[in-house]
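Here are my notes on the model, point by point. Please read them with the coordinates open.

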Amino acid sequence: MTKQIHLAAHFPGVNNTTVWSDPEAGSHIEFSSFVKLARTAERAKFDFFFLAEGLRLREQGGEIYDLDVVGRPDTFTVLAALAAVTSKLGLAGTINSTFNEPFEVARQFASLDHLSAGRAAWNVVTSWDAFTGENFRRGGFLPQDQRYARAKTFLSTALELIDSWRGDELAVDKAHGVFLRDPDAGSFAHRDDHFHISGRFPVPRSPQGRPVILQAGDSDEGREFAASSADAIFSRHGTLEAGQAFYADVKGRLAKYGRTHEQLKVLPAATFVLGDTDADAQERADVVRHQQVSGATAIKLLEQLWNADLSGYDPDGPLPDFDPVDGENTIARGRASVRMHRDPLATAQEWRGIAESKNLSIRELVIQVTGRQNFIGSAATVAERINELVQADAADGFILVPHVTPGGLDEFADTVVPLLQERGVFRTEYGGDTLRDHLGV
Amino acid sequence: MTSGPHLAVALDGVGWHPAAWRLPEARPEQVLTAGFWLDQAVEAQRGLLDFVTLEDTLALQDDPFNPSTDGTDRVQGRLDSVLVAARIAPATEHIGIIPTAVATHTEPFHLSKAIATLDYVSTGRAGVRVRIGWTPQENAHFGRRDIGTPRLADAHLGDQRSDIADLFDETADYVEVLRRLWDSWEDDAEIRDVATGRFVDRDRLHYIDFEGRWFSVKGPSITPRPPQGQPVVATLSHAIVPNRLAARSADVVFVTPTDRADAARTVAEIRDEQAKAGREQETLHVFGDVVVFLDGTTATARDHKKRLDDLAGAEYRSDAHVFTGTPGDLVDLLLDWHAAGLSGFRLRPGAVPHDLTGITRGVAGELRSRGLFRNAYEADTLRGLLGLSRPANRYAA
Ligand SMILES: Cc1cc2nc3c(=O)[nH]c(=O)nc-3n(C[C@H](O)[C@H](O)[C@H](O)COP(=O)(O)O)c2cc1C
């Protein structure tokens, strides 16, 4: 059976994917930029709009990192405001389970779901570092190995609060003066190793009941968490082989939770560069890569692998002749990507091999080995490729990350989406009103 | 702006009277929808009011002045007021929006960026009313801390320590953190210098390094300095201890005088505390709260209130003065209190929509016809409407 594709729009983030130096690049904080991207996504009938989260400004070498976009709004506040200027688009926010309490997050998502008439989604992330914790009264006390334990119970506790209203409690009987049918509506009592709370949840049941749950962890525990609890998983595996392996892995974990494959959508992050022809797109992609990785950025990215100060190195020269510094990565703080280098020595060896065989400078090497765009080509090529990946079970769709704010999705919406619609693999109108309707979960 | 009083409205569901939801024109089944709140904000904006406030706590509604046997005869259930504020902001243009946040159980870092963001989505019309979360119910919802046994009565004891005084002192620290975080980015921190590849000038970003008795916060904020620089901070006060919080931390304080003499006394006490806090040079607006039941004649206004009291089975009681009468008589009272030192009023409509339009059309119209209220919005920001300048950044060299 031909699968229907799901698409989401990621507001460009605070990493070097986002090209702020482009003449087209607009504000990353003015509300008008969020409105613009969200309206484009809704015009293109996307499933949802997505915001990432980072609760401390990134640092490298003990200083605030200044080469990428810095600064972002509060997630709930922007999503609630976007509910005013969109009517069908899902509104997904990344909210961490360490620096919050279940009661307040449950209240916020239930409120967002009411205010958007059923369009709220929660991307549950588990960042736990003490560096970020310095911004919070509760601190960053959580040992790394406990983060999914806390995330799991955080999520189940928040859902327990949301579920404390069944949906039939409001009588609103003016004549008899009965507003509430059940004097105990919203009662809850929860006790486990992490939370000991009780009382009454103040938000009656929202249109979706529960917000859509997304998960974005890659580790074994992260995948298990997604299989047990999430409606969709946001992954890094957007290529055919890696995507298929990831897809099979997480879908394979569903059965033991009594869930079917349709109940967990796999949505890798994906970047794209379009052109009138494939060759034209390749050329543009090359320009974009050089915008994304300046000489200064190349050195900083290399430092993250090397775990050492490389400011003395020439980005147009060769790699350092020493190996990455062993031990805990202390050079860059506040970014999840650091943990991608799980074996720095092996990665460095691999990079060295590539650099030597192709005679690449530091900058050209970094351009090659980090974050190449997923989809490069004419609209027809990109539409074809996206559909292939979905039909080949490498994904159920993609969370697209434009590299220019806020207009970076326009061309995709205008040229690729119509081709997907022509093929009958993407909706031409929203079939329902809620995000659960769009995702079929 | 004229020399008349500022005028705001306190939105709380279908109105402040516990039986307001039972009136035929009330829309209690819609209190959880965006449109319900938007309609009220738009109505307040039509009346050219300075701002709306949105009531909130971290628990189900509970009115200690008008207790209910089991709560089933009241509107129960409400949305997070910061999100409601954000939802109505893009659909309004001029009116200030002040949601309520509980300091005791929340993170100042989160609230600071939420209110900064509210300021962005409203292009400069955000404020926040901070309050303590002193009830055992709210505390049990978080289950994280021992707040002792705070008693509201102790807030009148100005010269001794109490658990309630601790909660207010902690709230002053909390507001200090909000304010430092709003300033933690200088206005021109974003430079987008293509030549050097730098998006920000990190010398214009500042750690706030707050360390207090209850918490420490490093900073800087993840959100750039909001359009107003410092969004408006408000508090509600009935006693000396919260007066001190207002004097130290707020731009607007809501008070509940019973008559003109009480209004004058309250203002004097707040000014005294403001001087002790070293803020006598700064504007701190003292707004009087009044619950209003309005109609065209005194007799019909009384009928309106009596009908509500009959439905509730008890006479309405409040922490604030309760006015029943015509907009004209209310304006006489407000002007009298205004002359005693109150810079404005936050009117609490007894029933919505009846008393909301009584305020936005009746009271605002009456003030305007006496030449004491604006004919059009004279500023684009809430600070501007309140005569507050955009403050310098405390960290700017
Ligand atoms: C595609 C993707 C996007 C992520 N986005 C965020 C984010 O916006 N904020 C955040 O704090 N963590 C984010 N994370 C981090 C994860 O939530 C998680 O904390 C991290 O990957 C470590 O968990 P793991 O060991 O299971 O991968 C993201 C992870 C992935 C794979």
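1. Terms first. Helices (H or I, at least four residues) and strands (E, at least two) are DSSP runs, numbered from the N terminus. This is a predicted model: local features need pLDDT of at least 70, side-chain atom pairs count only at pLDDT 80 or more, and totals for chains, interfaces and linings use all residues. Residues are numbered from 1 along each chain as its sequence is written, and side-chain values use heavy atoms, with hydrogens and water left out.

2. Cis bonds. In chain A, Thr405(A) and Pro406(A) are joined by a cis peptide bond, with omega about -10°. Pro406(A) sits in the loop between β17 (397-400) and α13 (410-422). In chain B, the bond from Gly219(B) to Pro220(B) is cis, omega near -10°. Pro220(B) is in the loop between β9 (216-217) and β10 (232-237).

3. Positive phi. Most residues other than glycine have a negative phi, and most peptide bonds are trans. Ala117(A) has a positive phi, near 55°. Its loop runs between α3 (102-115) and β6 (120-125) of chain A. Ala117(A) counts as partly exposed because its relative accessibility is 46% (buried is under 20% relative accessible area, exposed over 50%, partly exposed in between; 1.4 Å probe, protein chains only). Val172(A) also has a positive phi, about 45°, but lies in strand β7 (residues 170-173).

4. Overall build of chain A. The chain has 14 helices and 17 strands. Its radius of gyration is 23 Å, close to the 22 Å of the globule rule for 441 residues, so chain A is as compact as a globular protein of that length. The radius is taken over C-alpha atoms, and the rule is 2.2 Å times the number of residues to the power 0.38. The C-alpha trace spans about 85 × 50 × 45 Å along its principal axes. Buried residues make up 61% of the 441.

5. Annotated site. Which residues does UniProt list for "binding site"? The unreviewed entry gives Thr94(A), Tyr148(A) and Ser219(A). Such annotations may be inferred rather than shown by experiment. Thr94(A) is in strand β5 (residues 90-96). Thr94(A) counts as buried, because its relative accessibility is 3%. Leaving aside residues up to four places away in sequence, Thr94(A) touches residues including Phe50(A), Glu53(A), Thr75(A) and Asn123(A) (contact means heavy atoms within 4.5 Å).

6. An unreviewed UniProt entry places "domain: Luciferase-like" on residues 69-305 of chain B. That stretch is 36% helix and 18% strand, with its end C-alpha atoms 21 Å apart.

Terms used. Chains are lettered from A and ligands numbered from 1 in the order in which they are written.
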